[in-house]
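Colleague: I would like to learn how to read a structure feature by feature. Could we take a few in turn?

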Amino acid sequence: MSWLLKNWYIILIAVVIILWLIINPSAAEQSNQVSVDPSAEVTTTEKEVTEEEKEDEPVKELELKIDIKGEVNKPGVYIAKPEDRVQDVILLADGFTSEANQLSINLAEKVYDEMVIYVPNQSEEEEVAISSSTPPTQETGPQVKLNMASLEELQTIPGIGEVKAQAILEYRETNGSFQKVEDLTNVSGIGEKTLEKIKAFVQVP
């Protein structure tokens, strides 16, 4: 007993060392557990989910806006697809009216963005035929300049009413100046027959 009392500090040091050896490994293990960054796994998982969501997202298809006027049951602006033809847009507008002159429309033509499709009525073609029944002479007046004419000036061309005159202006704004009179056939509502009847009244440039 006297030996213990004399050497108590040695015993105390030994007890502290033993306790430290017991406690230290668990503290180190706990430290290792805390040092693991759980956000890394979460971030990786979130990244994988985001990539999967992107893969599942449908590819947005290009939309074309087409303005259809004239003798259709529901005139207006319709959204078409790049592979659509004029016939498809006519169907979107609920088809032709009974007064439509279907022969003047190229149903197989591919549509493009900001395209204007004008469907004339049968009486419009009759007006053109009447006004052009005789060959033009010098008394018909000066020719209309396609690349400079206003809406009102275009309407002075026999057989060209307000709707076709507007279609000519819209084509000019979209595609630039006419390079030749024959370019008028690219305007919706003007075909080869109409061109033959009015080309004597217009000029390019």
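**Reading the features**

Modeller: On the surface, Ile11, Val15, Ile18, Leu19, Ile22 and Ile23 make up a nonpolar patch, and together they have about 530 Å² of accessible area. Keep in mind that this is a predicted model.

Colleague: Where is Leu19 placed?

Modeller: Leu19 lies in helix 2, which covers residues 8–35. As a general idea, an α-helix has 3.6 residues a turn, so residues three or four places apart point the same way.

Colleague: Is Leu19 buried, partly exposed or exposed?

Modeller: Buried means under 20% relative accessible area and exposed means over 50%. Leu19 has 44% relative accessibility, so Leu19 counts as partly exposed.

Colleague: How do strand 1 and strand 2 run?

Modeller: Strand 1 (residues 64–70) and strand 2 (residues 76–80) run antiparallel and are joined by five bridges. The two strands form a hairpin, with five residues between them.

Colleague: Which residues in helix 7 are buried?

Modeller: Among them are Lys164, Glu170 and Arg172, as well as Ala165, Ile168 and Leu169. Just after helix 7 comes Gly176, with a positive phi of about 90°.

Colleague: Where are Asp94 and Glu114?

Modeller: Asp94 is in the loop between helix 4 and strand 3, and Glu114 is in the loop between helix 4 and strand 3 as well. Asp94 is partly exposed because its relative accessible area is 43%. Glu114, with a relative accessible area of 53%, is exposed.

Colleague: How far apart are Gln102 and Gln122, in sequence and in space?

Modeller: Gln102 and Gln122 are 20 residues apart in sequence, and their C-alpha atoms are 8.7 Å apart in space. Gln102 is found in the loop between helix 4 (86–92) and strand 3 (115–119). Its relative accessible area is 44%, so Gln102 is partly exposed.

Key. Residues are numbered from 1 along each chain as its sequence is written. This is a predicted model: local features need pLDDT of at least 70, side-chain atom pairs count only at pLDDT 80 or more; totals for chains, interfaces and linings use all residues. Side-chain values use heavy atoms; hydrogens and water are left out. Patches are made of residues with over 30% relative accessible area and no salt bridge: like charges are joined within 9 Å, nonpolar side chains (Val, Leu, Ile, Met, Phe, Trp, Tyr) within 5 Å. Accessible areas come from the Shrake-Rupley method with a 1.4 Å probe; for residues, only the protein chains shown count as cover. A salt bridge is a side-chain nitrogen of Lys or Arg within 4 Å of a carboxyl oxygen of Asp or Glu. Helices (H or I, at least four residues) and strands (E, at least two) are DSSP runs, numbered from the N terminus. Buried means under 20% relative accessible area, exposed over 50%, partly exposed in between (1.4 Å probe, protein chains only). Two strands pair if DSSP finds at least two bridges between them.
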